[in-house]
Amino acid sequence: FFAKLPAHSGLVVVSNRQTRAKGRGGNRWITPPGQAAFTFHLTLTKPEAVETDVQTSFMQYVTCMQHLVALSVVLAFKQLVCERLGVLCNLQSGLDTDEEFLLLISTLGINVSNPLPTICLQEVLNRACPNSNPVSVAKVIATVLSRLERLIDRMLYAPKPCGLTWALSLYTQCWMHSNQSVQVHSLDKTPINCVVIGVDDFGYLRVRDSTNGAEFSLHPDGNSMDMMRGLIVPKTHS
C-alpha cells in the first residue's frame with residue numbers, strides 16, 4: 001500500500017487499537033486505547049544547499065531521519081507541558097530513494113494516557129499542571145508532526161539551513177546516553193566495556209572502549225540494544 005503512494009502524499013494512518021500488530025524482525029505488540037500509534041508517509045527532496053559529494057551527503061540525512069523523528073517527540077512533549085504552564089516555548093524506518101528525493105515511512109507509538117505498565121504523557125502533564133484538561137491522542141500526533149516538519153525545514157530548506165550538525169547536536173542534548181557505561185558483546189560473545197560518546201556523521205551510536213580508548217560505531221541492523229540494561233549484543237538470525 002505505502003509503496004504505491006505518490007511523493008508528498010502527506011498520509012497519516014492512525015490506529016486506535018491493535019491486538020496483533022507486526023513489525024520488522026518478527027516483532028509484535030499491542031496498542032491499547034489511549035496510545036498514539038500512527039504511521040506517516042514523508043517525502044524529502046534533495047536540498048540545494050548540499051553541493052559537494054551530493055549522494056553521500058544526502059544519504060547522511062536519510063540515516064539520521066530516525067533521530068529527527070525521536071527529537072520531534074521530545075520537543076512536542078516539552079511544548080505540551082509549556083502550554084499547560086502558560087509559558088512561551090521556543091525550542092529549537094522503511095524507505096525508498098532516488099537521486100532527487102526520499103520516501104520515508106515511519107511508525108510511532110506513544111503512551112498518552114495509560115498509567116500502566118509505565119508512565120504516560122498525561123501523568124507528566126498532571127504533575128506540571130494538576131488542573132489542566134486531558135490531552136487528546138489527536139493533539140499529541142498533530143504536535144509531533146508539526147515539530148518534525150519544522151525541524152526538517154530548518155535543517156534542510158530554510159534560507160540559511162542549519163544542517164545536519166545542528167540537528168544531531170540538538171538530538172544529543174535531549175538524550176540521556178552521554179557518558180553512560182555499556183557492555184558491548186562481540187560476535188564471539190566477548191564482552192567489551194565501553195562508554196557512549198555520541199553519534200557519528202550517519203547517526204549511528206558512537207562508543208569508546210574503556211580499556212584501550214578505541215572508538216567505533218554500532219549499527220542497529222547488526223545489534224540489539226537494551227539501554228536500560230546497558231547491554232549491546234549482536235543480533236542472531238535463526
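Mentor: Strand 4 is mostly covered, with 10 of its 11 residues buried. Here a strand is a DSSP run of E of at least two residues, a helix a run of H or I of at least four, both numbered from the N terminus; buried means under 20% relative accessible area, exposed over 50%, and partly exposed in between, with a 1.4 Å probe and protein chains only. The model is predicted, so local features need pLDDT of at least 70 and side-chain atom pairs pLDDT 80 or more, whereas totals for chains, interfaces and linings use all residues. Residues are numbered from 1 along each chain as its sequence is written, and side-chain values use heavy atoms, without hydrogens or water.

Strand 4 has an antiparallel partner in strand 1, residues 12–15, and four bridges join the two; pairing requires at least two DSSP bridges. Within this pairing, Val 13 lies opposite Thr 39 of strand 4.

The second largest pocket holds about 330 Å³ of space. Its lining comprises 17 residues, of which His 41, Leu 42, Thr 43, Glu 149 and Ile 152 are closest to the centre. Two elements contribute two or more residues to that lining: strand 4 (35–45) and helix 4 (137–157). A pocket is an open set of points on a 1 Å grid over the protein atoms alone where a 1.4 Å probe fits, with protein on both sides within 12 Å along at least five of seven lines, and lining residues have an atom within 4 Å of a point. Points are joined across faces, edges and corners, and the volume is the space filled by probe spheres set on them.

Helix 4 contributes the most to this lining, namely seven residues. By class, the lining has nine nonpolar, six polar and two charged residues; nonpolar covers Ala, Val, Leu, Ile, Met, Phe, Trp, Tyr, Cys and Pro, charged covers Asp, Glu, Lys and Arg, and polar the others, Gly among them.

Buried positions in helix 4 include Val 140, Val 144, Arg 147, Leu 148, Leu 151, Ile 152 and Met 155. An α-helix has 3.6 residues a turn, so residues three or four places apart point the same way.
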